[in-house]
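Please examine the sequence and the structure shown here before reading on.

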Amino acid sequence: MSIETVAVRLGDRTYDILIGAGLVARAGEEIAGRLPGVRVAIVTDTNVAAPHLARLVASLDGNGVASTVITLPPGEKTKSFDALQQVVDGILAARLERGDAVIALGGGVIGDLAGFASGIVRRGMRFVQMPTSLLAQVDSSVGGKTGINSAHGKNLVGVFHQPQLVLADTEVLNTLPEREFRAGYAEVAKYGLIDRPDFFAWLEGNWQEIFAGGAARTRAIAESCRAKADVVARDEYETGDRALLNLGHTFGHALEAATGYDSGRLVHGEGVAIGMALAHRFSSRLNLCSMDDALRVEAHLNAVGLPWRMSDIPGGLPDAERLLAYIAQDKKVTRGALTFILTHGVGKAFIARDVPSSEVLAFLKENLPG
Ligand SMILES: NC(=O)c1ccc[n+]([C@@H]2O[C@H](COP(=O)([O-])OP(=O)(O)OC[C@H]3O[C@@H](n4cnc5c(N)ncnc54)[C@H](O)[C@@H]3O)[C@@H](O)[C@H]2O)c1
Ligand SMILES: [Zn+2]
């Protein structure tokens with residue numbers, strides 16, 4: 001089985017992302033080779049621990065890497081101050097030092113939480129990401145954003161803290177619920193839609209192989225990591241270009257908020273899928289992008305089984321005014337103008353900083369069901 005390597009180029013903090021089958025079983029070797037003498041704390045959740053933790057611990061043991069394990073309940077609620085304290089105390093109780101490492105074995109929730117803990121314990125420990133959801137492999141494990149939620153909102157407390165290594169085992173995705181895999185795929189498609197039209201065309205022809213596993217899956221994840229790594233290398237702290245990664249997220253976040261973050265109704269990637277379709281349709285309404293391109297995006301999302309219109313969300317939605325208020329909450333409104341990621345077509349997204357909220361409102365009214 002071949003392993004692909006993608007470098008995230010950040011000067012002396014440059015690190016590798018390894019992508020391929022069997023990397024959990026090879027983790028001990030990779031970590032011992034790159035971080036000699038390191039001891040580790042593995043942070044994981046119960047869903048991931050059951051099928052994958054023993055393999056990781058055995059691999060570390062076999063390569064002389066001592067480990068301690070901190071297991072948390074699954075779900076977004078785990079990105080909390082309580083869980084952070086549990087992780088920090090666990091790391092300190094194991095007497096790990098600054099040169100030792102925290103390993104995040106899990107989806108984006110575990111990656112964000114463990115990454116944050118590694119960024120603050122002893123003013124910053126080493127960190128290894130072992131993402132186990134598709135979303136985490138193509139998005140959250142790359143780029144160094146870490147953090148937890150506050151009562152005031154999602155991801156409001158955290159630090160930028162880059163890992164030393166990312167190990168994305170494509171086989172662990174076989175235990176991921178299908179709905180989570182599909183939701184993560186929305187972020188894969190996003191990279192094609194931002195600035196990789198050839199990648200999007202390849203996805204249209206090969207998505208079934210990606211879902212099935214094997215070489216196409218590895219290639220799709222590697223290309224997504226390359227896309228994100230490029231943007232992060234250009235704009236690590238999101239002062240400019242990195243905002244392009246928010247394609248589909250302005251509408252998506254508003255829909256997540258409007259459905260009360262009820263994952264039964266809508267998970268993040270599904271919100272992003274609908275958001276991307278809306279961003280193309282909205283761009284077409286503003287005469288920035290052709291309707292053909294908007295229809296092409298909708299057709300692909302529909303083909304893979306992702307929701308792509310607001311009426312695909314079960315249960316009712318608030319009216320257009322209320323949705324606009326959620327959008328305005330998500331993005332800072334400057335004198336009636338909003339920042340959106342819009343597009344000139346497939347693979348031609350751009351940052352638009354002056355979208356009149358009246359246009360957004362009219363568009364929402366046209367597209368809300370009923
Ligand atoms: N840091 C960033 O740049 C960044 C980017 C995007 C998203 N995020 C964050 O990522 C989080 C979402 O990540 P997510 O979608 O991975 O959610 P998640 O971590 O909650 O994982 C989704 C579900 O799948 C389970 N799971 C994960 N891997 C599994 C596996 N291999 N087998 C069986 N079950 C498995 C989890 O236990 C959970 O129930 C959000 O908190 C979001 O804010 C961060
Ligand atoms: Zn996202």
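A contact means heavy atoms within 4.5 Å. By that criterion, residues 24 or more positions apart account for 74% of the contacts in the protein chain with a separation of 6 or more. This is a predicted model, in which local features need pLDDT of at least 70, side-chain atom pairs count only at pLDDT 80 or more, and totals for chains, interfaces and linings use all residues. Residues are numbered from 1 along each chain as its sequence is written, and side-chain values use heavy atoms, with hydrogens and water left out.

**Overall build**
- The protein chain contains 13 helices and 11 strands, taken as DSSP runs (helices H or I, at least four residues; strands E, at least two) numbered from the N terminus.
- Its radius of gyration, taken over C-alpha atoms, is 20 Å, close to the 21 Å given for 370 residues by the globule rule, so the protein chain is as compact as a globular protein of that length. The globule rule is 2.2 Å times the number of residues to the power 0.38.

**Interior**
- Of the 370 residues, 56% count as buried, that is, under 20% relative accessible area with a 1.4 Å probe, protein chains only.
- The largest nonpolar core has 54 residues; such a core is a set of buried Ala, Val, Leu, Ile, Met, Phe, Trp, Tyr and Cys residues joined through side-chain atoms within 4.5 Å.
- Helix H8 (residues 215-234) gives the most to this core, with 9 residues.
- Ile17, Leu134 and Tyr185 have the most contacts inside the largest core.
- Not counting residues up to four places away in sequence, Tyr185 touches Leu134, Leu203, Trp207, Ile210, Phe211, His300, Val304 and Leu306.

Conventions: Chains lettered and ligands numbered in written order. Buried < 20%, exposed > 50% of the residue type's maximum accessible area, 1.4 Å probe, protein only.
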